[in-house]
Amino acid sequence: MKNGSWLLLSLTVLLHFTAAQLQEGDQEVLGKICQTWSDLPPSWVPKDIPNACQWEGITCSPTNTSVVDINLVGISGPLFEGLGNLTALEGFQCRFCNFKQTPIPSSFANLTNLAVLSAPAGNITGPLLDLSGLENLAVLDLGHNTLSGQFPMWVFGMKNLTYLLLQEADLTGTFADGLSFVNGDELVQ
């Protein structure tokens with residue numbers, strides 16, 4: 001191949017990858033986030049959603065076509081079902097966030113690539129969603145939320161789960177040969 005042809009091919013490939021935009025489903029979810037959450041970083045400009053891979057707290061796939069990580073601090077707004085449409089999502093991390101007493105959406109059970117779910121003290125309420133189908137889940141940190149119901153026994157079957165924090169999450173139940181789990185902070189017989 002001649003030098004001129006090689007240069008033209010290289011430029012074409014480069015332009016293809018820099019022009020790549022988020023898939024439409026991910027754009028829709030980020031649009032809803034922009035509409036319903038407040039205190040987002042200044043880089044979150046709704047009219048620039050196709051280029052959201054440049055936004056603070058968003059990590060995209062190498063081709064910039066899908067969101068693989070959301071990592072935010074101090075935002076406020078309800079969790080919603082559409083978040084489960086971010087099918088390539090591997091991490092959802094929100095520190096010092098206020099999710100307005102909403103439960104974890106049932107659509108989170110569809111996030112089969114999710115490895116990290118961390119929203120401590122996020123003002124999340126309701127029963128803890130059964131996430132046992134998320135085989136890649138390694139980190140589950142929902143401590144200091146107002147969850148309800150029984151301690152999730154399914155966590156003991158999660159082979160990749162290496163970090164579990166449900167401290168002060170208001171869960172109850174019995175497990176491990178008669179030990180009881182009381183209010184997320186003590187084990188009693």
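In which sense, parallel or antiparallel, do strand 3 and strand 4 pair, and over how many bridges? Strand 3 and strand 4 (residues 116–118) pair in the parallel sense, over three bridges. Strands are DSSP runs of E of at least two residues, helices are runs of H or I of at least four residues, and both are numbered from the N terminus; two strands pair if DSSP finds at least two bridges between them. The model is predicted, so local features need pLDDT of at least 70 and side-chain atom pairs count only at pLDDT 80 or more, while totals for chains, interfaces and linings use all residues. Residues are numbered from 1 along each chain as its sequence is written, and side-chain values use heavy atoms, with hydrogens and water left out.

Strand 3 (residues 91–95) also runs parallel to strand 2 (residues 67–73), to which five bridges join it. Within strand 3, Q93 stands opposite N71, and F92 has L117 of strand 4 as its bridge partner.

L117 touches F92, I104, F108, L131, L137, V139, L140, D141 and L142, where residues up to four places away in sequence are not counted and contact means heavy atoms within 4.5 Å. Both F92 and L117 are among the residues with the most contacts inside the largest nonpolar core, as are L30, W37, F99 and L142. This core has 49 residues. Helix 2 (24–36), strand 1 (58–60), strand 2 and strand 3 each supply at least two residues of the core, and the largest share, four residues, comes from helix 2. A nonpolar core is a set of buried Ala, Val, Leu, Ile, Met, Phe, Trp, Tyr and Cys residues joined through side-chain atoms within 4.5 Å.

A search of the whole structure finds one cavity of 30 Å³ or more. A cavity is a set of points on a 1 Å grid over the protein atoms alone where a 1.4 Å probe fits but cannot get out, and lining residues have an atom within 4 Å of a point.

I58 lies in strand 1. I58 counts as buried because its relative accessibility is 7%, buried meaning under 20% relative accessible area with a 1.4 Å probe and protein chains only. Apart from neighbours within four places in sequence, I58 is in contact with L30, W44, A52, C53, V67, D69 and I70.

Key
1 Å grid on protein atoms, 1.4 Å probe; cavity = no way out; pocket = protein on both sides within 12 Å on 5 of 7 lines; lining within 4 Å. Points joined across faces, edges and corners; volume = space filled by probe spheres on them. Buried < 20%, exposed > 50% of the residue type's maximum accessible area, 1.4 Å probe, protein only.
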